[in-house]
Amino acid sequence: MVVRELCVFVLVAVAHWASLSAAAAAFSQSMDSDFTFTLPAGRKECFFQTMKKDASLEIEYQVLDGAGLDVDFYLSSPSGNVLARDHRKSDGVHTVETEDGDYMFCFDNSFSSISEKIIFFELILDNMDGGGEEDPEDWREYVHGTDLLDMKLEDILDAMNSVKARLGKSVQIQTLLRAFEARDRNLQESNSQRVNLWSITNLLVMVLVSGVQVYLLRSLFEDKRKSRT
C-alpha cells in the first residue's frame, strides 16, 4: 500500500512538472510593455520594434496631458510603407501582422509651437517565439500512466493558459485605466487652475467696480458750496 501511494505521488510530481514546462513554453509567446514620455512642442519622436514573420504587433496610445490632448501618429513597415496614420487624435489602437524587420512608429507634435504633450503607449507582441523551438507538446511522450490518477494534463494546461490570458488581460486593462485616470486628472487640474484664475480676476474686477461706484456716489452728494468756501 505504501509503495502504491509512493508511485502515485511520483506520477503526480512528474505530471505537475511537465504541465508547468509546457505552460512556460506557451506563455513566452506573448509579450507586452508600456512607456510614458514627454513630447516637446514642435518635435517628433520615433520608436523602433524588431518583429518576426507571422507575428502580431498591437500599439495603443493616449495623450495624457497637453493643450488639445492631440498628436499625429503613423506606423510604417520595414520596407517603409505606412500601415496606419492618425491626424491630431487623443488616442488610437492599431494591430498589424508582421514580417521580419524593424517597424517604426512616430508621434508628431510639430503642429504645436507652444504646448508639449505627455504620451502613453503600450505594445503587445504575439507569436514572437517563431517555429524553430522545440515543440511544447513533446513533454507528453515522457508522461505515462496518468490514467491511473484520473486526471488529464491537457485540461490542466488549458486551465493554466486560460488563467494566464485572463491575468494578462486584467493587467492590460488596469494599465489603460491608469492612463485614463492620469489624463482625466491632468484635465481636471488644468480646468481647476483656469476656474481659479477667472474667479480671482472676477473678484478683482468686482472690487474695482465697487470702489468706483462708491466714489461716484460720494461725489454726487458732495456739498460743492462748502468746497468753494
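Buried residues are those under 20% relative accessible area, exposed ones are over 50%, and partly exposed ones fall in between (1.4 Å probe, protein chains only). The model examined here is predicted, so local features need pLDDT of at least 70 and side-chain atom pairs count only at pLDDT 80 or more, while totals for chains, interfaces and linings use all residues. Residues are numbered from 1 along each chain as its sequence is written, and side-chain values use heavy atoms, with hydrogens and water left out.

We may begin with the sheet. Helices (H or I, at least four residues) and strands (E, at least two) are DSSP runs, numbered from the N terminus, and two strands pair if DSSP finds at least two bridges between them.

Strand E4 (residues 71-76) has pairings with E7 and with E5. With strand E7 (residues 101-108), E4 pairs in the antiparallel sense over 5 bridges, and here Tyr74 stands opposite Cys106 in E7. Strands E4 and E5 also run antiparallel and are joined by 5 bridges, with Leu75 opposite Ala84 in E5. The hairpin of E4 and E5 has 5 residues between the strands, and within this hairpin Gly80 takes a positive phi near 95°.

The torsion about the S-S bond of Cys46 and Cys106 is about 110°, so the disulfide is right-handed. The pair links distant parts of the chain, with Cys46 in strand E2 and Cys106 in strand E7, 60 residues apart. Cys46 counts as partly exposed at 28% relative accessibility, whereas Cys106 is buried, with a relative accessible area of 0%.

Charged pairs come next. A salt bridge is a side-chain nitrogen of Lys or Arg within 4 Å of a carboxyl oxygen of Asp or Glu, and the count by this rule comes to 3 salt bridges. One of them connects Arg43 with Glu45, whose closest N and O atoms are 3.5 Å apart. Arg43 is partly exposed at 42% relative accessibility, and Glu45 is partly exposed with a relative accessible area of 25%.

Asp70, Arg88 and Lys117 are linked in a network of salt bridges. Arg88 forms a salt bridge with Asp70, the closest N and O atoms being 3.1 Å apart. This pair links distant parts of the chain: Arg88 is in strand E5 and Asp70 in the loop between strand E3 (56-65) and E4, 18 residues apart. The side chains of Lys117 and Asp70 meet in another salt bridge, at 3.0 Å from N to O. Lys117 lies in strand E8 (residues 117-126) and Asp70 in the loop between E3 and E4, so the pair ties together parts that are 47 residues apart in sequence. Both Lys117 and Asp70 are buried, whereas Arg88 is partly exposed, with a relative accessible area of 44%.

Most residues other than glycine have a negative phi, and most peptide bonds are trans. Leu69, in the loop between E3 and E4, has a positive phi near 50° and counts as buried at 17% relative accessibility. Asp54, in the loop between E2 and E3, has a positive phi near 65° and counts as exposed at 57% relative accessibility.

Key
Disulfide = S-S within 2.5 Å.
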